[in-house]
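User: Please take a close look at one part of this protein for me. I want the charged contacts first, then what surrounds them.

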Amino acid sequence: LAVTVLISRWYVRDRARVLPRVFLGINAGQLTLVPLGGILIERAGYRAAYLTLGLTVLALVVPLVALLAVSHPRDVGQHPDGRANPPELMGPRTTLAEALRSRSFWLATLAFGINGWTLYFTLLHLPRYARDLGGSIQTGGALIAIAAASSALCMVAISKLVGRWGKRRLVIVLFWWRAAVLAVAVLATSSGQLPLVAAAFGAASFPVIPLVMGLIGDRYGTDVLGGLLGLVFVSHQVFAGAGVLTAGALRVVTGSYDVALLVAAALLIAGSGLLLALDDTDVPPRPRPRLGVPGQEPCQPASFRGGIAR
């Protein structure tokens, strides 16, 4: 949440290109810290693993954010994207009350909840599904890594396609893609077929997150983005928990994951319909003043220190 709001303030014209690249950190964590956590748990136990990972965050992440990150470009006399943007590029100015009365906001929130349902159901149950098909839990862990690597590659592609296709269209395509993958996964007869499923699913998984975040930022502006994204992510995680629980219950009742996979595919198709129903006119736009620093000419491109915008 904090990273999304920070990036949305620093980048307007380039937001669609930058957000997917920033979210590559999710994939980097899956590929590095998750295996590291497994090694620590195996060799030293859960307590030592949690302590090590927690101290790593305190030692590395907290100082970087505290010392280098700046909440808003105006705090250091700069403009978003490193240049003075005309008002029409800065996005709408919307109050929280206006956004919450917007039908499109709740449609997007519900669609993002469906993303959470299908994403967490697949990632958390994939090791058990591999075991059902004759594989091992280790096989399932390898599938997660394959999905993460595929997602990282797709993030890079999305950052190049979003300007041409638009965020909403890309999310709809990814929802249909993921639905097709889950439907095909029902036909798997051995764990050896699941790496292809994991790769295809990963490509349509995490890229949805920055696209939806950017879509909401574009529609309602960054003034209330933190509060809106808080509600959106609550929906995402509540649906995620429901998806994991429901899939487990269906696995117990039916003896397989077939029904759970088909339910998830149907939900994704429904989610694409919700996105198609978004209305571009349900929030009255208000002009946003030109962002600038009084008495200062348009600034030079933002400088960077340590890779973080200053």
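Analyst: A salt bridge here is a side-chain nitrogen of Lys or Arg within 4 Å of a carboxyl oxygen of Asp or Glu. By that rule, Arg 128, Asp 132 and Arg 251 are linked in a network of salt bridges. The count comes to two salt bridges.

Some ground rules. This is a predicted model, in which local features need pLDDT of at least 70, side-chain atom pairs count only at pLDDT 80 or more, and totals for chains, interfaces and linings use all residues. Residues are numbered from 1 along each chain as its sequence is written, and side-chain values use heavy atoms, with hydrogens and water left out.

Take Arg 128 and Asp 132. Their closest N and O atoms are 3.2 Å apart. Both residues sit in helix H6 (residues 103-132). They are four residues apart, so about one helical turn separates them. Helices are DSSP runs of H or I with at least four residues, strands are runs of E with at least two, and both are numbered from the N terminus.

Now Asp 132 and Arg 251. Their side chains meet at 2.8 Å, N to O. Asp 132 belongs to helix H6 and Arg 251 to helix H11 (residues 225-254), so this pair ties together parts that are 119 residues apart in sequence.

Arg 251 is buried, at 17%. Arg 128 is partly exposed, at 39%. Asp 132 is also partly exposed, with 32%.

On a 1 Å grid over the protein atoms alone, a cavity is a set of points where a 1.4 Å probe fits but cannot get out; its lining residues have an atom within 4 Å of a point. Grid points are joined across faces, edges and corners, and a volume is the space filled by probe spheres set on the points. There are three cavities of 30 Å³ or more. The largest cavity has a volume of about 90 Å³.

Helix H6 gives the most to the lining of the largest cavity, with five residues. Helix H8 (167-185) and helix H9 (194-203) each supply at least two, as does H6. The lining includes Phe 121, His 125, Tyr 129, Val 181, Phe 201 and Tyr 257. By type, the lining divides into 10 nonpolar residues, two polar and no charged. In this grouping Ala, Val, Leu, Ile, Met, Phe, Trp, Tyr, Cys and Pro count as nonpolar, Asp, Glu, Lys and Arg as charged, and the others, Gly among them, as polar.

Step back to the whole protein chain. The chain has 12 helices and two strands. Buried residues make up 45% of its 310 residues. Ala 148, in helix H7 (residues 137-165), counts as buried at 1% relative accessibility. Ala 148 and Ile 26 are 122 residues apart in sequence, yet 8.4 Å apart in space, C-alpha to C-alpha.

Helix H4 (residues 46-68) holds Val 62, which is partly exposed at 42%. Val 62 is one of the residues in a nonpolar surface patch, along with others including Leu 51 and Val 65.

Methods: Buried < 20%, exposed > 50% of the residue type's maximum accessible area, 1.4 Å probe, protein only. Patch = residues over 30% accessible without salt bridge, like charges linked within 9 Å, V, L, I, M, F, W, Y side chains within 5 Å. Areas by Shrake-Rupley, 256 points an atom, 1.4 Å probe, with all protein chains shown as cover. 1 Å grid on protein atoms, 1.4 Å probe; cavity = no way out; pocket = protein on both sides within 12 Å on 5 of 7 lines; lining within 4 Å.
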